[in-house]
Amino acid sequence: MKRYGYFLDLLKLDIEKYPVIAVVGGGGKTSLIYRLNEELQALGKKVIISTTTHMAYDPMLPLVKSTCIECVPEILKEHGFAAVADIEETSGKMCAIEEAALKKLVPFCDVMLIEADGAKRKPLKFQLTGNRQFLILQT
């Protein structure tokens, strides 16, 4: 049995104060985002899911591409949530749209969930000293 609200409660997410949530880390980001979306849907919240890099795409999600950003309010009204991203042809993954376009969508949703870094399916990564690049390790 699903216990809606469980992760929202566990993580103590104040979605009223912080409606844009960036998820980072070495693994589990996509799964967490999809779970949070389920919990938020159960609470009747309108949710936008997006990414700043690449993210696995669930074809069951209503998708709005950058060429149809004006469709977001209608999709949210119909489904309650939407993935807002483009799809990379080679990998089939969601990929980032322009930050300015994403920022304009915040007023249309109650919560925006963003996968904010890519782990490339590796379990661990860290920042090299004095460098903005991340080293991703494979175990």
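Accessible areas were computed by the Shrake-Rupley method with a 1.4 Å probe, and for residues only the protein chains shown count as cover. On this basis the accessible surface of the protein chain comes to about 8,800 Å². Carbon and sulfur atoms account for 55% of that surface. The model is a predicted one, in which local features need pLDDT of at least 70 and side-chain atom pairs count only at pLDDT 80 or more, while totals for chains, interfaces and linings use all residues. Residues are numbered from 1 along each chain as its sequence is written, and side-chain values use heavy atoms, with hydrogens and water left out.

The protein chain has 139 residues, and 34% of them count as buried. Here buried means under 20% relative accessible area, exposed means over 50%, and partly exposed lies in between (1.4 Å probe, protein chains only). The secondary structure comes to four helices and ten strands. From the N terminus on, their order is α-β-α-β-β-β-α-β-β-β-α-β-β-β. Contact means heavy atoms within 4.5 Å. Among contacts between residues at least 6 apart in sequence, 61% join residues at least 24 apart.

The largest nonpolar core has 18 residues. Such a core is a set of buried Ala, Val, Leu, Ile, Met, Phe, Trp, Tyr and Cys residues joined through side-chain atoms within 4.5 Å. Ile 33, Leu 40, Ile 49 and Leu 113 have the most contacts inside the largest core. Two or more residues each come from strand S1 (20–23), helix H2 (29–42), strand S2 (47–51), strand S5 (81–84) and strand S8 (111–115). H2 gives the largest share, four residues. Beyond its neighbours within four places in sequence, Leu 113 is in contact with Ile 21, Ile 33, Leu 36, Asn 37, Leu 40, Val 47, Ile 48, Ile 49 and Ser 50. Another core, of 14 residues, lies apart from the largest one. Its members include Val 72, Val 84, Leu 105 and Met 112.

S1 has a covered face, formed by Ile 21 and Val 23. Its uncovered face carries Val 20 and Ala 22. S1 pairs with S8 in the parallel sense over four bridges. Two strands count as paired if DSSP finds at least two bridges between them. In this pairing, Val 20 stands opposite Met 112 of S8.

A separate topic is the open sheet of three strands, with the order S3-S7-S6 and antiparallel pairing. Strand S3 (54–55) and strand S6 (86–87) stand at the edges, each with a single partner strand, so one side of each has no neighbour in the sheet. S6 is joined to strand S7 (residues 94–95) by two bridges. Ile 87 has Met 94 of S7 as its bridge partner.

Helix H3 (residues 72–79) has Val 72, Ile 75 and Leu 76 as its buried residues. Seen down the axis of H3, these fall within an arc of 100°, so they line one face of the helix. The arc is that of the directions from the helix axis to the C-beta atoms. The buried residues of H3 pack against S2, strand S4 (63–64), S5 and H4. On the other side of H3, Glu 74, Lys 77 and Glu 78 are exposed. Gly 80 follows H3, with a positive phi near 90°.

The structure holds three salt bridges. Each is defined by a side-chain nitrogen of Lys or Arg within 4 Å of a carboxyl oxygen of Asp or Glu. Lys 45 meets Glu 16 at 3.4 Å, N to O. Lys 45 lies in the loop between H2 and S2, and Glu 16 in the loop between helix H1 (6–10) and S1, so the pair ties together parts 29 residues apart in sequence. Lys 45 is partly exposed at 22% relative accessibility, whereas Glu 16 is exposed at 60%.

Arg 35 and Glu 39 form a salt bridge, with the closest N and O atoms 2.8 Å apart. Both lie in H2, four residues apart, about one turn of the helix. Arg 35 is partly exposed at 23%; Glu 39 is buried at 0%. Glu 99 forms a salt bridge with Lys 103, the closest N and O atoms being 3.3 Å apart. These two residues are four apart in helix H4 (residues 99–105), about one helical turn. Both Glu 99 and Lys 103 are exposed.
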